Amino acid sequence: MKRAPMTSKGAERLRAELERLKSVERPAIIQAIAEARAHGDLKENAEYHAAREQQGFVEGRIQELEAALSTAEIIDLSRLKGPRIVFGATVGLADEDSGEEISYQIVGDLEADIKQRMLSVSSPFARALIGKSAGESFEFQAPNGTRRYEIVSVDYGD
């Protein structure tokens, strides 16, 4: 079985989500199902069906998180350093055409969130970055055309 990499911060966030689902969401759904059952006929009870559907989503997410956390390889970013970009690196980039600067952290698939500038290690953009160093330029074929970036910085601070 392949062990998926994950940062320690990402693992903490997923454990917190798992705990919330188990201790808050699951009991609330059980209570909602009990209340809906008290209203009688279940065939036409929309509250009951909605609660059961929500229960399915929550239980599925709990199973997904438990499986991911049990097989994850937690990477301690404090032990990483060096000039090359690897998993866990926060990479500062400058768009060579517009001059716009942006930074991304390369993280595991489950903890990726583009809004928080956390790229999945398996994404095409992250794969284009892996192995490169600060000062290098590279081209990336984006959906809206070829983009040229310069790597401004590589940092491994957690």
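Biologist: What counts as a salt bridge in this predicted model?
Modeller: The model is predicted. A salt bridge here pairs a side-chain nitrogen of Lys or Arg with a carboxyl oxygen of Asp or Glu, and the cut-off on their separation is within 4 Å.

Biologist: How far apart are the closest N and O atoms of Arg84 and Glu136?
Modeller: A salt bridge requires the nitrogen and oxygen to lie within 4 Å. Arg84 and Glu136 form a salt bridge, and their closest N and O atoms are separated by 3.7 Å.

Biologist: How many residues apart in sequence are the parts that this pair ties together?
Modeller: Arg84 sits in the loop between strand S2 (73-75) and strand S3 (90-95). Glu136 sits in the loop between helix H3 (124-129) and strand S6 (137-142), so the parts tied together are separated in sequence by 52 residues.

Biologist: Which helix holds both Arg61 and Glu64?
Modeller: Arg61 and Glu64 form a salt bridge, with the closest N and O atoms 2.9 Å apart. The two lie three residues apart, about one turn of the helix, and that helix is H2 (residues 46-71).

Biologist: Is Glu139 buried or exposed?
Modeller: Glu139 meets Arg148 in a salt bridge at 3.2 Å, N to O. Arg148 has a relative accessible area of 31% and is partly exposed. The cut-off for exposed is over 50%; Glu139 has 51% relative accessibility, so Glu139 counts as exposed.

Terms used: Residues are numbered from 1 along each chain as its sequence is written. This is a predicted model: local features need pLDDT of at least 70, side-chain atom pairs count only at pLDDT 80 or more; totals for chains, interfaces and linings use all residues. Side-chain values use heavy atoms; hydrogens and water are left out. Helices (H or I, at least four residues) and strands (E, at least two) are DSSP runs, numbered from the N terminus. Buried means under 20% relative accessible area, exposed over 50%, partly exposed in between (1.4 Å probe, protein chains only).
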